[in-house]
Amino acid sequence: MIDWSFIRQLAWRDSRKNRGRLVLFMSSIILGIAALVAINSFNYNLQDDIDEQAASLLGADLVVSGNQPVTDSLGVLLAALPGEKATKLDLFSMAYFPATDRTQFVRLQGLAGNFPFYGSLKTEPATARQELTNPHAALVDNGFMDQYGIQIGDSIRLGNRSFFIAGRLLNDFASANVAAGFAPPVYVAQSALEQTGLVQAGSLVNYNYYYKLPAAFEVKPWTDKYDNAFRNESLRLQTIAGQKENLSDAFANLNSFLNLVALVSLLLGCIGVASSVLIYVRTKIPSIAIFRCLGMKGRDVFLVYLLQILVLGGLGVVFGAVLGTVVQLVLPILFKDFLPLEVSTSISWPAIGEGLVIGIFITMLFALVPLLPVRRISPLRILRTAFEQDLGQRDYAQWAVYLAIVAGLQAFLWYLTGSFVNGLMFTGGLLVSFLLLFAVARLITWGVQRFFPRRWSFVFRQGLANLFRPNNQTATLLVSIGLGTAILTTLFIIQGLLLENVGEMDAGNQPNVILYGIEKEQMTGLSELTTSFKLPIVQQVPIVTMRMTGWQGRTKADWLADSTRQAERWAFNREIRVTFRDSLDGFEEVLSGTFPKPRAAHGDSVFISLEEGFAESMHVKVGDEISFNVQGMPLTTFVGSTRKVDFTKMRTRFLVIFPAGVLENAPQFQVLVTKSPNPATTARYRTAVVKAFPNVSVVDLSSILTALSDILAKVSYVIQFMAVFSILTGFIVLVSSLLLSKLQRIKESVLLRTLGASSKQLLQISATEYALLGTLAAATGIFIALVSSWLLASFQLKLTFYVPWLAIGVIFVLVVAIIVVIGLLNSRDVLRKSPLEVLRREV
Amino acid sequence: MSTILAVNQLTKTYQSGDRSLTVLADVSFAIQPGESLAIVGPSGSGKTTLLGLCAGLDRAGSGEVILCDALLNELSEDARAAVRNRNVGFIFQNFQLIPTLTALENVMIPAELNGRKDARVAALALLEKVGLADRSHHYPSQLSGGEQQRVALARAFCNNPQILFADEPTGNLDESTGQMVEDLLFSLNQEMGTTLVIVTHDLELAGKTQRIIQLKGGQVFSDTRTQTPA
Ligand SMILES: Nc1ncnc2c1ncn2[C@@H]1O[C@H](COP(=O)(O)OP(=O)(O)O)[C@@H](O)[C@H]1O
Ligand SMILES: [Mg+2]
């Protein structure tokens with residue numbers, strides 16, 4: 001029988017003494033869990049924010065667009081969709097600006113409803129979007145207005161109606177296709193557009209239907225089901241998920257990074273909780289011995305302290321969760337003015353739940369490690385060997401606890417990475433790091449003992465000897481400092497690599513001006529003109545347009561008549577822009593077959609390369625035959641390879657590529673891609689080009705790229721923020737757990753003080769001990785970080801790895817300095833107290 | 001130099017919560033070099049507190065302590081530590097050895113703090129004198145109480161102190177072990193000519209000193225010379 005009320009009372013009574021130490025013990029748990037909860041709360045909230053950002057690329061959950069209004073049958077489907085709806089008509093039209101007496105080809109857009117549902121139409125003045133309810137208001141592209149000196153308030157004539165310019169348009173939505181870039185956008189109300197007389201039978205109008213769907217509505221099954229029905233009517237469906245796929249690299253890396261951050265927060269929680277529980281129990285060993293001497297059963301003493309720690313730890317965990325939540329809620333408000341992104345500050349229950357469960361779990365497991373042996377050994381042995389490391393043979397329960405710790409870690413990592421094997425690799429990595437640090441600790445104790453510098457002065461010898469003497473803290477400190485340094489440095493290195501990667505992807509660094517319709521012989525002049533503006537020629541390719549006439553021995557008409565055909569109509573109904581070259585560019589990857597070599601002789605078969613999605617839609621594979629009509633000339637080819645194309649890079653992309661040596665003499669035009677640093681340069685460049693080469697169209701993509709640029713900027717901000725926040729909280733947790741180590745040396749220092757040691761001597765002793773520990777722990781930790789970040793970068797994140805040596809050097813010096821300062825602080829405490837008081841207390 | 005330790009109108013008050021407890025009230029006495037003195041009194045009468053103040057381990061409420069010509073009240077914690085290291089030896093009721101150091105290392109500390117090169121030799125010689133040369137590499141937890149106190153004794157004499165403070169040196173020991181420690185204490189004291197201040201409630205032990213101060217309720221109740229000076 002276990003007398004629970006007695007155990008409960010004893011646990012309570014024993015906890016009353018030494019409140020100060022209790023606070024220190026709890027503070028480390030509280031900070032550890034607070035870090036976990038705060039980091040994860042930010043994590044969850046920012047993830048939601050980024051999802052919302054992705055939504056703002058499209059402006060709606062679902063977009064249907066096409067060259068005609070939806071047919072009745074599809075209209076019924078759409079009408080059944082829940083949620084909010086908006087529509088937009090766009091068409092190309094001439095606009096007249098009386099103030100400057102200028103006529104311009106514009107892309108006129110008539111908006112009805114509350115579009116965009118996500119993100120916003122950025123205008124200047126910011127409130128100009130609301131003006132669109134006014135049937136006479138128009139918003140005009142900012143770059144265009146700049147270029148031609150058009151002012152807000154000027155009038156603009158569209159069809160048979162006159163409007164006034166209510167604002168400048170700073171961005172546009174990604175649904176706008178590249179061709180749209182030919183003409184600057186102008187927004188008016190849809191009802192007003194209908195009255196211009198421009199929308200009539202025969203005019204080329206693009207119809208867009210926008211839907212904001214309730215969160216519960218599953219859009220994917222819906223689009224999967226109806227995608228073909230819409231495509232067959234030449235209508236296109238777009239979803240947020242589809243948009244995100246285009247940014248998949250950025251999002252996949254962001255997710256991996258945030259998972260890494262979650263892992264870091266877990267380990268910080270572990271270090272905070274484990275170090276305090278271990279040290280707390282150790283200080284209780286003498287009392288435990290006395291209870292056992294007084295005749296208490298081993299099991300009962302065990303329960304008394306387990307109960308005590310669970311209650312205290314539980315309280316610490318709850319406080320920690322509250323503190324973490326408060327930090328998460330208050331921090332963004334405090335730093336509001338500095339944050340580029342509005343951080344949501346809702347209470348994150350999943351993060352709190354995780355913190356509580358993990359906190360209690362770690363508290364219990366790590367309390368069991370030192371408490372379990374107490375159960376079995378004789379009281380005398382505890383009294384005698386309280387200062388020796390080995391408390392006798394470990395029992396199976398002990399091993400079960402270690403196993404539970406590893407299993408718990410594996411379970412969490414499995415959950416985090418979504419894969420058992422990945423989880424196992426992380427768990428393995430952590431175990432190896434742990435063992436490595438442990439081995440280094442052993443090496444220090446062995447090495448210092450073996451090569452002990454007997455001739456050095458007393459304080460240095462004393463400091464060094466502290467590393468191997470009984471009851472030394474070498475292993476504990478080395479593991480916690482080393483592991484802490486390792487995870488924080490890994491996080492630091494990885495965030496650097498990711499930021500670089502996102503920076504490359506960033507639209508800000510991508511080409512933003514495309515020149516179409518260049519004649520072959522204009523190319524040299526145009527290149528020179530471009531270079532004279534100090535603009536780079538990012539890409540320059542020839543384009544030949546053609547149509548498909550048949551494949552696999554059947555004509556297009558055959559295919560169209562066949563009701564059982566699987567190939568999709570959009571794929572073969574379009575005019576195809578083809579280029580020819582003899583190698584892949586840097587953003588392509590061959591999936592099957594081999595990329596066509598230049599055709600050697602005139603009679604050889606022509607092998608072409610298809611983009612994977614295009615090949616899939618046509619249901620053709622490597623080896624299949626496809627025939628084309630190239631500007632009147634029939635040409636039969638074979639599929640030589642399929643390619644994956646990275647569409648996130650802003651280049652002209654080709655569905656079909658011919659080998660060199662076939663199309664060189666076909667009628668063609670050239671495309672030139674360049675990057676302009678700012679709108680003013682674009683405007684001057686555009687004017688110069690159009691003046692010298694009137695047939696060339698200059699397409700400015702920057703307004704379309706703004707949304708993309710925005711979201712990537714936010715991704716990098718999130719990465720940076722989480723890294724800085726985690727590293728700072730990690731630091732605090734680490735420092736608080738190191739402050740606990742002073743309990744270990746307090747009595748010794750006081751005795752030395754009694755025997756006449758000066759402050760300087762005491763400080764030198766601690767400085768020596770902590771400097772050596774800090775140096776080796778930081779070096780080992782950094783080594784682990786280099787290996788782990790290399791592994792992560794190469795195999796998990798697929799990033800190019802490099803080492804920021806300077807930053808690593810700074811981290812090293814910083815860690816060592818801080819460890820030494822903590823050591824000094826720890827002994828400072830002793831210097832302030834009167835020795836007699838401590839001697840009395842320790843009796 | 002006529003006095004080695006002078007205590008003038010010493011008062012010590014402990015504050016616990018809103019109640020204050022006066023442990024020592026207006027205590028004065030002086031000791032000549034080479035003298036041996038016992039401070040006796042019932043438990044709780046303030047003996048340990050007085051000893052602590054004399055050795056500069058704590059600060060007095062009012063009054064002054066002059067130890068080896070140094071006015072302790074005015075000295076910094078560091079300066080007091082230096083005075084202790086050069087002039088003072090300690091023995092405590094509960095030994096107060098550093099648990100993580102071996103017997104030899106414990107004995108060497110005062111000499112090493114003082115920067116003496118012969119610390120090891122001196123410490124070994126002292127361990128020899130207390131009969132523990134063969135246990136020099138054992139840790140305190142591997143020694144019996146009597147053995148630990150003998151190590152503490154060796155440590156107390158390591159720096160050849162002018163004055164030795166002993167707080168109930170035999171209080172935690174059985175009679176015969178206590179006797180052995182006592183004999184060692186007096187013989188070492190004799191040999192080195194150290195001034196000796198012993199706190200004890202053992203009147204027999206007190207009787208072996210030249211002078212007995214009796215504390216009662218924090219005040220000097222009597223101050224007498226014994227008949228049989230050692
Ligand atoms: N830090 C303290 N706070 C309050 N009272 C104390 C403190 N230290 C000692 N005392 C009290 O001072 C009195 C004298 O203690 P002490 O000098 O140890 O007596 P002795 O050594 O003669 O037994 C005791 O009543 C004790 O309770
Ligand atoms: Mg006492």
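## Chain B as a whole

The accessible surface of chain B comes to about 9,400 Å², of which 48% belongs to carbon and sulfur atoms, the areas being computed by the Shrake-Rupley method with a 1.4 Å probe, with only the protein chains shown counting as cover for residues. This is a predicted model, in which local features need pLDDT of at least 70 and side-chain atom pairs count only at pLDDT 80 or more, while totals for chains, interfaces and linings use all residues. Residues are numbered from 1 along each chain as its sequence is written, chains are lettered from A and ligands numbered from 1 in the order in which they are written, and side-chain values use heavy atoms, with hydrogens and water left out.

Chain B has seven helices and ten strands, which are DSSP runs numbered from the N terminus (helices H or I, at least four residues; strands E, at least two). Of its 230 residues, 56% are buried, that is, under 20% relative accessible area with a 1.4 Å probe and protein chains only. Where contacts in chain B join residues at least 6 apart in sequence, 66% of them link residues at least 24 apart, a contact being heavy atoms within 4.5 Å.

## Helix H1 of chain B

Helix H1 of chain B covers residues 47-54, and because seven of its eight residues are buried, this helix is largely enclosed by the rest of the structure. Among the buried residues are Lys47(B), Leu50(B), Leu51(B) and Cys54(B). After H1(B) comes Gly56(B), with a positive phi near 75 degrees.

## Helices H3 and H6 of chain A

In chain A, the axes of helix H3 (residues 72-79) and helix H6 (residues 219-232) come within 11 Å and cross at roughly 160 degrees. H3(A) is therefore roughly antiparallel to H6(A), a term for angles over 145 degrees. Leu74(A), Leu77(A) and Leu78(A) in H3(A) meet Trp222(A), Tyr226(A), Ala229(A) and Phe230(A) in H6(A). By class, the residues of this contact are seven nonpolar, no polar and no charged.

## Helices H14 and H23 of chain A

Helix H14 (residues 458-465) of chain A packs against helix H23 (residues 759-796) of chain A at an angle of about 45 degrees, with their axes 8 Å apart. H14(A) is therefore oblique to H23(A). The residues of H14(A) in this contact include Phe460(A) and Leu464(A), and those of H23(A) include Ile765(A) and Glu769(A). The contact of H14(A) with H23(A) has five nonpolar, five polar and one charged residues.

Terms used:
Axes are lines fitted to C-alpha atoms, for helices over the stretch in contact, and angles run from 0 to 180 degrees between N-to-C directions. Angles under 35 degrees count as roughly parallel, over 145 as roughly antiparallel, 65 to 115 as roughly perpendicular and the rest as oblique. Ala, Val, Leu, Ile, Met, Phe, Trp, Tyr, Cys and Pro count as nonpolar, Asp, Glu, Lys and Arg as charged, and the others, Gly among them, as polar. Buried means under 20% relative accessible area, exposed over 50%, partly exposed in between (1.4 Å probe, protein chains only).
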